[in-house]
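Look at the sequence and the 3D structure together. Keep both in view as you read.

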Amino acid sequence: MDEPHERHLRRKALRLRLSGMPLVKVLEIVGRSKAWFNKWAKRFEHFGAAGLKSSSRRPHHPAPVLTASVVRMIVRTAGD
């Protein structure tokens, strides 16, 4: 994904909508869905311009590690 281009589209869509353009026309111009617009409009409302930056999809916490005894128990159970 081209992040600068995507941010440009987000700003453009919001600017057009805030200028009074009907949502259907805005979506036609930027080539995106209503769900896409609503997502970015909500983020803009909550966080301002900083909300138009894509968020990382990386997990916030590492997955829990199973102890060796739990792994053995699972293996034994699966073998039954």
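## The model

This is a predicted model: local features need pLDDT of at least 70, side-chain atom pairs count only at pLDDT 80 or more, and totals for chains, interfaces and linings use all residues. Residues are numbered from 1 along each chain as its sequence is written, and side-chain values use heavy atoms, with hydrogens and water left out.

Glu6 sits in helix α1, residues 3-18. Helices here are DSSP runs of H or I with at least four residues, strands are runs of E with at least two, and both are numbered from the N terminus. Glu6 counts as buried because its relative accessibility is 11%. The cut-offs are these: buried is under 20% relative accessible area, exposed is over 50%, and partly exposed lies in between (1.4 Å probe, protein chains only).

The side chain of Glu6 makes a polar contact of 2.6 Å with the side chain of Arg32. A polar contact is a pair of N or O atoms within 3.5 Å; within protein, one must be able to donate a hydrogen and the other to accept it, and residues adjacent in sequence count only if both atoms are side-chain atoms. Setting aside neighbours within four places in sequence, Glu6 is in contact (heavy atoms within 4.5 Å) with Met1, Arg32 and Trp36.

Glu3 is also part of helix α1. Its relative accessibility is 17%, so Glu3 counts as buried. Not counting residues up to four places away in sequence, Glu3 touches Arg10, Leu52, Lys53 and Ser54.

## The largest pocket

The largest pocket has a volume of about 170 Å³. The search runs on a 1 Å grid over the protein atoms alone: a cavity is a set of points where a 1.4 Å probe fits but cannot get out, while a pocket is an open set with protein on both sides within 12 Å along at least five of seven lines. Lining residues have an atom within 4 Å of a point. Grid points are joined across faces, edges and corners, and the volume is the space filled by probe spheres set on the points.

Residues lining the largest pocket include Glu6, Arg10, Trp36 and Trp40. Helices α1 and α3 (34-47) each supply at least two residues of this lining. The largest share, four residues, comes from α3. By type, the lining has three nonpolar, three polar and five charged residues. Here Ala, Val, Leu, Ile, Met, Phe, Trp, Tyr, Cys and Pro count as nonpolar, Asp, Glu, Lys and Arg as charged, and the others, Gly among them, as polar.

Which residues of helix α2 (residues 23-30) are buried? They are Leu23, Val26, Leu27 and Val30. Seen down the axis of α2, these buried residues fall within an arc of 95°, so they line one face of the helix. The arc is that of the directions from the helix axis to the C-beta atoms. An α-helix has 3.6 residues a turn, so residues three or four places apart point the same way.

On the other side of α2, Val24 and Glu28 are exposed. The cover over the buried residues of α2 includes α1 and α3. After α2 comes Gly31, with a positive phi near 70°.

Arg15 lies in helix α1. Arg15 is exposed, with a relative accessible area of 52%. Between Arg15 and Met73 there are 58 Å in space, C-alpha to C-alpha, and they are 58 residues apart in sequence.

Gly48 belongs to the loop between α3 and α4 (68-79). At 22% relative accessibility, Gly48 is partly exposed. Gly48 and Lys12 are 36 residues apart in sequence and 14 Å apart in space, C-alpha to C-alpha.

Ser69 is in helix α4. Its relative accessibility is 38%, so Ser69 counts as partly exposed. A polar contact of 3.2 Å links the side chains of Ser69 and Thr67.
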